[in-house]
Amino acid sequence: MAALSGSVSRRYARALFSLGSDNGQFEAYGRELAELAALFEGSTDLRHALTNPVITGAEKRAILEAILPRVGASGEVRRFILLLLDRGRLQQLPRIFSDYQRMTDERLGQVRGRVVSATPLDATAFDQIRAALEKRMGKKVLLESSVDPEILGGVIAQVGDLVLDGSLRNRLDNLSRKLLN
(Lines give C-alpha, C1' and ligand atoms only; values in the text may rest on other atoms or scores of the structure.)
Protein backbone atom coordinates (compact mmCIF):
# COMPACT_ATOMS: atom_id res chain seq x y z
CA MET A 1 0.00 0.00 0.00
CA ALA A 2 2.90 2.38 0.71
CA ALA A 3 4.17 1.99 -2.87
CA LEU A 4 0.70 2.70 -4.19
CA SER A 5 0.30 5.84 -2.08
CA GLY A 6 3.79 6.94 -3.13
CA SER A 7 2.83 6.49 -6.76
CA VAL A 8 -0.36 8.49 -6.25
CA SER A 9 1.46 11.31 -4.48
CA ARG A 10 4.07 11.46 -7.26
CA ARG A 11 1.36 11.69 -9.93
CA TYR A 12 -0.33 14.60 -8.17
CA ALA A 13 3.00 16.31 -7.48
CA ARG A 14 4.05 15.84 -11.10
CA ALA A 15 0.79 17.34 -12.35
CA LEU A 16 1.15 20.52 -10.27
CA PHE A 17 4.88 20.71 -11.01
CA SER A 18 4.19 20.45 -14.73
CA LEU A 19 1.64 23.24 -14.52
CA GLY A 20 4.06 25.37 -12.52
CA SER A 21 6.88 24.67 -14.95
CA ASP A 22 4.72 25.62 -17.92
CA ASN A 23 3.86 29.02 -16.45
CA GLY A 24 7.18 29.65 -14.65
CA GLN A 25 5.65 29.38 -11.19
CA PHE A 26 6.92 26.01 -9.96
CA GLU A 27 8.98 27.58 -7.14
CA ALA A 28 6.07 29.76 -5.98
CA TYR A 29 3.71 26.77 -6.05
CA GLY A 30 6.26 24.83 -4.01
CA ARG A 31 6.34 27.54 -1.34
CA GLU A 32 2.53 27.57 -1.18
CA LEU A 33 2.40 23.78 -1.01
CA ALA A 34 5.04 23.82 1.75
CA GLU A 35 2.98 26.20 3.83
CA LEU A 36 -0.20 24.18 3.36
CA ALA A 37 1.54 20.86 4.11
CA ALA A 38 3.08 22.35 7.28
CA LEU A 39 -0.32 23.67 8.34
CA PHE A 40 -1.91 20.28 7.67
CA GLU A 41 0.80 18.39 9.57
CA GLY A 42 1.04 20.92 12.37
CA SER A 43 -2.62 21.06 13.32
CA THR A 44 -4.21 17.89 14.61
CA ASP A 45 -7.61 19.61 14.67
CA LEU A 46 -7.34 20.71 11.05
CA ARG A 47 -6.07 17.32 9.89
CA HIS A 48 -8.89 15.59 11.76
CA ALA A 49 -11.55 17.94 10.35
CA LEU A 50 -10.34 17.48 6.78
CA THR A 51 -9.99 13.69 6.91
CA ASN A 52 -12.91 12.75 9.18
CA PRO A 53 -15.58 10.89 7.15
CA VAL A 54 -18.31 12.21 9.47
CA ILE A 55 -17.66 15.79 8.32
CA THR A 56 -19.34 16.44 4.98
CA GLY A 57 -17.48 17.37 1.84
CA ALA A 58 -19.20 20.76 1.83
CA GLU A 59 -18.02 21.46 5.39
CA LYS A 60 -14.46 20.42 4.52
CA ARG A 61 -14.58 22.63 1.43
CA ALA A 62 -15.76 25.57 3.56
CA ILE A 63 -12.85 25.03 5.96
CA LEU A 64 -10.39 25.02 3.06
CA GLU A 65 -12.04 28.03 1.42
CA ALA A 66 -11.47 29.94 4.67
CA ILE A 67 -7.84 28.81 5.03
CA LEU A 68 -6.56 29.12 1.46
CA PRO A 69 -6.77 32.93 1.18
CA ARG A 70 -5.00 33.31 4.53
CA VAL A 71 -1.97 31.42 3.27
CA GLY A 72 -2.01 33.34 0.00
CA ALA A 73 -2.70 30.32 -2.19
CA SER A 74 -2.71 31.14 -5.90
CA GLY A 75 -5.67 30.13 -8.00
CA GLU A 76 -3.84 27.08 -9.33
CA VAL A 77 -2.79 25.83 -5.91
CA ARG A 78 -6.27 26.56 -4.56
CA ARG A 79 -7.83 24.44 -7.34
CA PHE A 80 -5.23 21.75 -6.75
CA ILE A 81 -5.99 21.51 -3.01
CA LEU A 82 -9.73 21.42 -3.67
CA LEU A 83 -9.15 18.67 -6.25
CA LEU A 84 -7.29 16.67 -3.59
CA LEU A 85 -10.29 17.15 -1.32
CA ASP A 86 -12.77 16.09 -4.00
CA ARG A 87 -10.73 12.99 -4.82
CA GLY A 88 -10.24 11.99 -1.16
CA ARG A 89 -6.47 12.54 -1.37
CA LEU A 90 -5.97 15.42 1.04
CA GLN A 91 -4.29 13.14 3.60
CA GLN A 92 -1.55 12.67 0.96
CA LEU A 93 -0.65 16.39 1.05
CA PRO A 94 2.61 16.01 3.07
CA ARG A 95 3.83 13.24 0.77
CA ILE A 96 2.77 15.19 -2.34
CA PHE A 97 4.75 18.17 -1.05
CA SER A 98 7.78 15.96 -0.42
CA ASP A 99 7.62 14.61 -3.98
CA TYR A 100 7.10 18.13 -5.35
CA GLN A 101 10.10 19.39 -3.40
CA ARG A 102 12.29 16.62 -4.86
CA MET A 103 11.20 17.60 -8.36
CA THR A 104 11.97 21.25 -7.67
CA ASP A 105 15.38 20.39 -6.23
CA GLU A 106 16.19 18.25 -9.25
CA ARG A 107 15.16 21.03 -11.65
CA LEU A 108 17.28 23.56 -9.76
CA GLY A 109 20.28 21.24 -9.45
CA GLN A 110 20.26 21.14 -5.69
CA VAL A 111 19.95 18.57 -2.92
CA ARG A 112 18.83 18.81 0.68
CA GLY A 113 20.83 17.65 3.62
CA ARG A 114 21.12 17.75 7.34
CA VAL A 115 24.01 18.16 9.69
CA VAL A 116 23.81 17.14 13.34
CA SER A 117 26.33 18.36 15.90
CA ALA A 118 26.74 17.97 19.65
CA THR A 119 26.67 21.75 20.11
CA PRO A 120 25.39 24.51 17.81
CA LEU A 121 27.68 25.15 14.84
CA ASP A 122 28.99 28.64 14.25
CA ALA A 123 28.42 30.17 10.81
CA THR A 124 31.98 29.49 9.63
CA ALA A 125 31.88 25.78 10.51
CA PHE A 126 28.42 25.42 8.97
CA ASP A 127 29.58 27.08 5.73
CA GLN A 128 32.70 24.88 5.60
CA ILE A 129 30.61 21.73 5.99
CA ARG A 130 28.16 22.89 3.32
CA ALA A 131 31.02 23.75 0.92
CA ALA A 132 32.62 20.32 1.44
CA LEU A 133 29.30 18.58 0.82
CA GLU A 134 28.66 20.68 -2.31
CA LYS A 135 32.10 19.73 -3.63
CA ARG A 136 31.45 16.05 -2.96
CA MET A 137 27.89 16.08 -4.38
CA GLY A 138 28.61 18.38 -7.30
CA LYS A 139 25.41 20.28 -6.54
CA LYS A 140 24.20 23.09 -4.35
CA VAL A 141 23.36 21.69 -0.90
CA LEU A 142 20.53 23.18 1.13
CA LEU A 143 21.57 22.25 4.63
CA GLU A 144 19.59 22.13 7.85
CA SER A 145 21.36 22.03 11.18
CA SER A 146 20.29 20.43 14.42
CA VAL A 147 21.87 19.66 17.78
CA ASP A 148 22.03 16.25 19.46
CA PRO A 149 24.23 16.16 22.58
CA GLU A 150 24.17 12.33 22.47
CA ILE A 151 26.72 12.29 19.63
CA LEU A 152 29.20 13.79 22.16
CA GLY A 153 31.27 15.67 19.57
CA GLY A 154 31.95 15.97 15.86
CA VAL A 155 29.19 15.98 13.28
CA ILE A 156 26.94 13.68 11.28
CA ALA A 157 26.08 14.89 7.78
CA GLN A 158 23.41 13.35 5.59
CA VAL A 159 22.64 14.30 2.00
CA GLY A 160 20.28 11.92 0.24
CA ASP A 161 21.60 8.40 0.79
CA LEU A 162 25.07 9.63 1.74
CA VAL A 163 25.75 9.63 5.48
CA LEU A 164 29.07 10.84 6.82
CA ASP A 165 29.34 10.03 10.51
CA GLY A 166 32.23 11.90 12.11
CA SER A 167 30.69 11.85 15.56
CA LEU A 168 32.68 11.06 18.65
CA ARG A 169 29.95 8.56 19.61
CA ASN A 170 30.57 6.65 16.34
CA ARG A 171 34.34 6.69 16.84
CA LEU A 172 33.98 5.36 20.39
CA ASP A 173 31.59 2.64 19.22
CA ASN A 174 34.05 1.59 16.48
CA LEU A 175 36.93 1.54 18.95
CA SER A 176 34.88 -0.54 21.39
CA ARG A 177 34.05 -3.09 18.66
CA LYS A 178 37.72 -3.35 17.68
CA LEU A 179 38.79 -3.88 21.27
CA LEU A 180 36.17 -6.59 21.84
CA ASN A 181 37.15 -8.57 18.73
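**Helices and their neighbours**

Let's begin with a helix pair: the axes of helix α4 (residues 57-70) and helix α5 (residues 75-86) come within 11 Å of each other and cross at roughly 160°. Axes here are lines fitted to C-alpha atoms, for helices over the stretch in contact, and angles run from 0 to 180 degrees between N-to-C directions. Helices (H or I, at least four residues) and strands (E, at least two) are DSSP runs, numbered from the N terminus. With that angle, α4 is roughly antiparallel to α5, where angles under 35 degrees count as roughly parallel, over 145 as roughly antiparallel, 65 to 115 as roughly perpendicular and the rest as oblique. The crossing of α4 and α5 is right-handed; a crossing is right-handed if the near helix is turned clockwise from the far one by less than a right angle, and left-handed if anticlockwise.

Before going further, a word on the source: this is a predicted model, in which local features need pLDDT of at least 70 and side-chain atom pairs count only at pLDDT 80 or more, while totals for chains, interfaces and linings use all residues. Residues are numbered from 1 along each chain as its sequence is written, and side-chain values use heavy atoms, with hydrogens and water left out.

Which residues make the contact of α4 and α5? From α4 come Gly 57, Lys 60, Arg 61, Leu 64, Glu 65 and Leu 68, and from α5 come Arg 78, Ile 81, Leu 82, Leu 85 and Asp 86, contact meaning heavy atoms within 4.5 Å. By class, the residues of this contact are five nonpolar, one polar and five charged. For these classes, Ala, Val, Leu, Ile, Met, Phe, Trp, Tyr, Cys and Pro count as nonpolar, Asp, Glu, Lys and Arg as charged, and the others, Gly among them, as polar.

Glu 65 lies in helix α4 and is partly exposed, with a relative accessible area of 30%. Buried means under 20% relative accessible area, exposed over 50%, and partly exposed in between (1.4 Å probe, protein chains only). Not counting residues up to four places away in sequence, Glu 65 touches Arg 78 and Leu 82.

Now for α5 itself. Its twelve residues reach 16 Å from first C-alpha to last, close to the 16 Å expected at 1.5 Å a residue; the expected span is 1.5 Å times one less than the number of residues. Val 77, Phe 80, Ile 81, Leu 82, Leu 84 and Leu 85 are the buried residues of α5. An α-helix has 3.6 residues a turn, so residues three or four places apart point the same way. After α5 comes Gly 88, with a positive phi near 70°.

On its other contact, α4 packs with helix α3 (residues 44-51) at an angle of about 140°, the axes being 9 Å apart. That makes α3 oblique to α4, and the crossing is left-handed. Leu 46, Ala 49, Leu 50 and Thr 51 in α3 meet Lys 60, Ile 63, Leu 64 and Ile 67 in α4, giving six nonpolar, one polar and one charged residues.

**Single residues to look up**

Leaving aside neighbours within four places in sequence, Leu 36 is in contact with Leu 68, Val 71, Val 77, Ile 81 and Leu 93.

Finally, Ser 117 sits in strand β1 (residues 110-117) and is buried at 2%. Leu 152 is found in the loop between β2 (140-147) and β3 (155-159). The phi of Leu 152 is near 70°, a positive value in a residue other than glycine. Most residues other than glycine have a negative phi.
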